[in-house]
Amino acid sequence: MTTPEQLFRANGGLKVRSQGYLKPVLGLVALLALANCDEALTSSVAPQPRPVAPPAPAPNAYVPPSAASQDLARFYQRVERDLLTRGMLRSDGGGPDTPYDASDLERNFETIAFFNEYPDHAVTATTYSTEGQLSRWSAPIRVQTEFAPSVSPEMRAKDAKQVETFTARLSKVTGHPMSVVTRKANFHVFFAGKDDSAYVVSRLKQLVPGIDQPLLDLVANPRSNIDCFVIASPTNRSLHRFVRAVVLIRAELPDMLRRSCIHEEMAQGLGLSNDSNAARPSIFNDDDEFALLTSHDEKLLTMLYDPRLEPGVAVEDARPVVRIIARELMGQQL
């Protein structure tokens, strides 16, 4: 979906204006403190206790969104209404109008699981390529939802519940251990708005050591056609086994687009990293016909975590096994 460029021009860098104000103010406070000390030494009047400053707000304490962020939210609301009016963003999972068979499943799985939509976006200092080989998680996945300052308390509660529910569904479909945690996560789902660039960039530097500058620039200055994305990272020792993932979802998105981003980016973070215009009914398709994970997509995830397929297997070697699994899932004879 496309967002007008002018809605993002104001987001030209990190929001660090407060540092420019604080430096001279702190210098002035220090001089005043020294002056007060000298006066206390020469005066017979007992010094009064200094007032205790209120505690600083938490790093992600709620801060109401700016006018620019509110304008962006209204734009996304219009986009969602337009898509729904045109019969897009379906949540029915498909039906008689979207039939598929084992051959379709096999073909779609090969395109979506073995090739990377953004192979040039390395998330570590060392670039790597997953083209033509299977990538997925081996270790248990610990999901944590995080919120930037512009996300309201009401939306935080709602988003956290959505992520928790979908995490349980993904674990059931894949058979892979997944849980929601509040610490020591390896799969972070961020909700952040137009005003939150500095916060998100700071957190990404903490969570993804060695993250490269182009990705940080992507976070600080999102391209006009990006409303959510996922970064999945392996280790240098095993380039096809993910050990860390970060999902970023725009806080300005309305309900259905927001849920759509949760479904697509979390599922892609498990290893289904590509899209295909031929995949239907599917969220792994850029046409926005389906908003939520479909039965077709559940089968793709089941195939991805089938123990008969190993991380790093080449597409040519996997084809006979993929064909067998696809026919088993569709109840078709080999």
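Reader: What is the torsion about the S-S bond of Cys-228 and Cys-261, and is the disulfide left-handed or right-handed?

Author: First, a word on the basis: this is a predicted model, in which local features need pLDDT of at least 70 and side-chain atom pairs count only at pLDDT 80 or more, whereas totals for chains, interfaces and linings use all residues. Residues are numbered from 1 along each chain as its sequence is written, and side-chain values use heavy atoms, with hydrogens and water left out. In general, a disulfide is a covalent bond between the sulfur atoms of two cysteines; here the term denotes a pair of cysteine sulfur atoms within 2.5 Å. The structure holds 1 disulfide, with the sulfur atoms of Cys-228 and Cys-261 placed 2.1 Å apart. The torsion about their S-S bond is about -75 degrees, so the disulfide is left-handed.

Reader: Which parts does the pair tie together?

Author: Cys-228 belongs to strand 5 (residues 228-234) and Cys-261 to helix 7, so the bond ties together parts that are 33 residues apart in sequence. Helices (H or I, at least four residues) and strands (E, at least two) are DSSP runs, numbered from the N terminus. Cys-228 is buried at a relative accessible area of 12%, and Cys-261 is buried at 5%. Buried means under 20% relative accessible area, exposed over 50%, and partly exposed in between, with a 1.4 Å probe and protein chains only.

Reader: Which way do the residues of strand 4 point?

Author: In a regular strand the side chains alternate between the two faces of the sheet. In strand 4 (residues 187-192), Phe-187, Val-189 and Phe-191 point one way, and His-188, Phe-190 and Ala-192 the other way; all are buried.

Reader: Which strands are joined to strand 4 by bridges?

Author: Two strands pair if DSSP finds at least two bridges between them. Strand 2 (residues 141-147) runs parallel to strand 4 and is joined to it by 5 bridges; Thr-145 has Val-189 as its bridge partner. Strand 6 (residues 241-250) is also parallel to strand 4, with 6 bridges, and there Val-246 stands opposite His-188.

Reader: Which residues touch the most other members of the largest nonpolar core?

Author: A nonpolar core is a set of buried Ala, Val, Leu, Ile, Met, Phe, Trp, Tyr and Cys residues joined through side-chain atoms within 4.5 Å. Among the 63 residues of the largest one, Phe-109 and Phe-187 touch the most other members. Helix 7 (residues 255-268) supplies the largest share of this core, 6 residues. Apart from this core lies another, of 20 residues, including Phe-190 and Val-208.
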